[in-house]
Amino acid sequence: AVVSTQSGHYGRDQRAVFFAVLNPQPNGACFAGVETSVKFDANNYTAIKVKVRNMKGNMKSFKVNLVNEKSATNGRTYEQFYDLLEGEQDTVVTLPLEKFTADFRGKFDPTAPPLTAAPVIQLGLQVTGGVYSQIKQSGVTAVEIDSIELV
């Protein structure tokens, strides 16, 4: 689960672990993810800051998914990819909210309103096999999540 304490982050030994096994279809279709309910107005923030550490596996491309109140009814998500550093190093990425792109079932949706059109109600982390990407991933991965913050 991806949650925060009242102070906004976990202690050093209290990280969430995201574990995934990807066994893709021949075209690369597969994904694993976790999501949680949130409630924030994207107009009041500029970015999401993610601090994670790759603990096992060779997958390095992950993404953050956001769902707002309008997109929740039509299956659309807003997404942004990021890469983990090699080995067991902390990766800190700042994902500007303005760069989240609308997505419907893995494909870009150019007709979507901006993320800021309604309050965000869900945040998810995902690793994909790469059905619509040049990057293909499979196997096992384990990632420690230190913090996810709005900035």
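User: In this predicted model, is Lys39 buried or exposed?

Analyst: The structure is a predicted model, and within it Lys39 belongs to strand β2. A residue is called exposed when its relative accessible area is over 50%. The relative accessibility of Lys39 is 58%, and therefore Lys39 counts as exposed.

User: Which residue meets the side chain of Lys39 in a salt bridge?

Analyst: Side chains of opposite charge can pair when their charged atoms come close. For Lys39 the N to O distance in such a salt bridge is 2.6 Å. The partner lies in the loop between β4 and β5, so the pair ties together parts that are 30 residues apart in sequence. The partner of Lys39 is Glu69.

User: How many residues apart in sequence are the parts that Asp90 and Arg15 tie together?

Analyst: Asp90 forms a salt bridge with Arg15, and their closest N and O atoms are 3.9 Å apart, which falls within the 4 Å that a salt bridge requires. Asp90 sits in strand β6 and Arg15 in the segment before β1, so the parts tied together are apart in sequence by 75 residues.

User: Is Asp146, which meets Lys51 in a salt bridge, buried or exposed?

Analyst: The side chains of Lys51 and Asp146 meet with an N to O distance of 3.5 Å, and the pair links strand β3 with strand β10, 95 residues apart. Lys51 has a relative accessible area of 23% and is therefore partly exposed. For Asp146 the relative accessible area is 12%, and because buried means under 20%, Asp146 is buried.

User: Which element gives the most residues to the lining of the largest pocket?

Analyst: The largest pocket has a volume of about 700 Å³, and 34 residues line it, with Lys63, Glu79, Gly106, Gln126 and Thr128 lying nearest its centre. Among the elements that give two or more residues to this lining are β2, β4 and β5. The element that gives the most, with 5 residues, is β9.

User: How many of the residues lining the largest pocket are charged?

Analyst: Asp, Glu, Lys and Arg count as charged. The lining divides into 13 nonpolar and 14 polar residues, and the number of charged residues is 7.

Methods. Residues are numbered from 1 along each chain as its sequence is written. This is a predicted model: local features need pLDDT of at least 70, side-chain atom pairs count only at pLDDT 80 or more; totals for chains, interfaces and linings use all residues. Side-chain values use heavy atoms; hydrogens and water are left out. On a 1 Å grid over the protein atoms alone, a cavity is a set of points where a 1.4 Å probe fits but cannot get out, and a pocket is an open set with protein on both sides within 12 Å along at least five of seven lines; lining residues have an atom within 4 Å of a point. Grid points are joined across faces, edges and corners, and a volume is the space filled by probe spheres set on the points. Helices (H or I, at least four residues) and strands (E, at least two) are DSSP runs, numbered from the N terminus. Buried means under 20% relative accessible area, exposed over 50%, partly exposed in between (1.4 Å probe, protein chains only).
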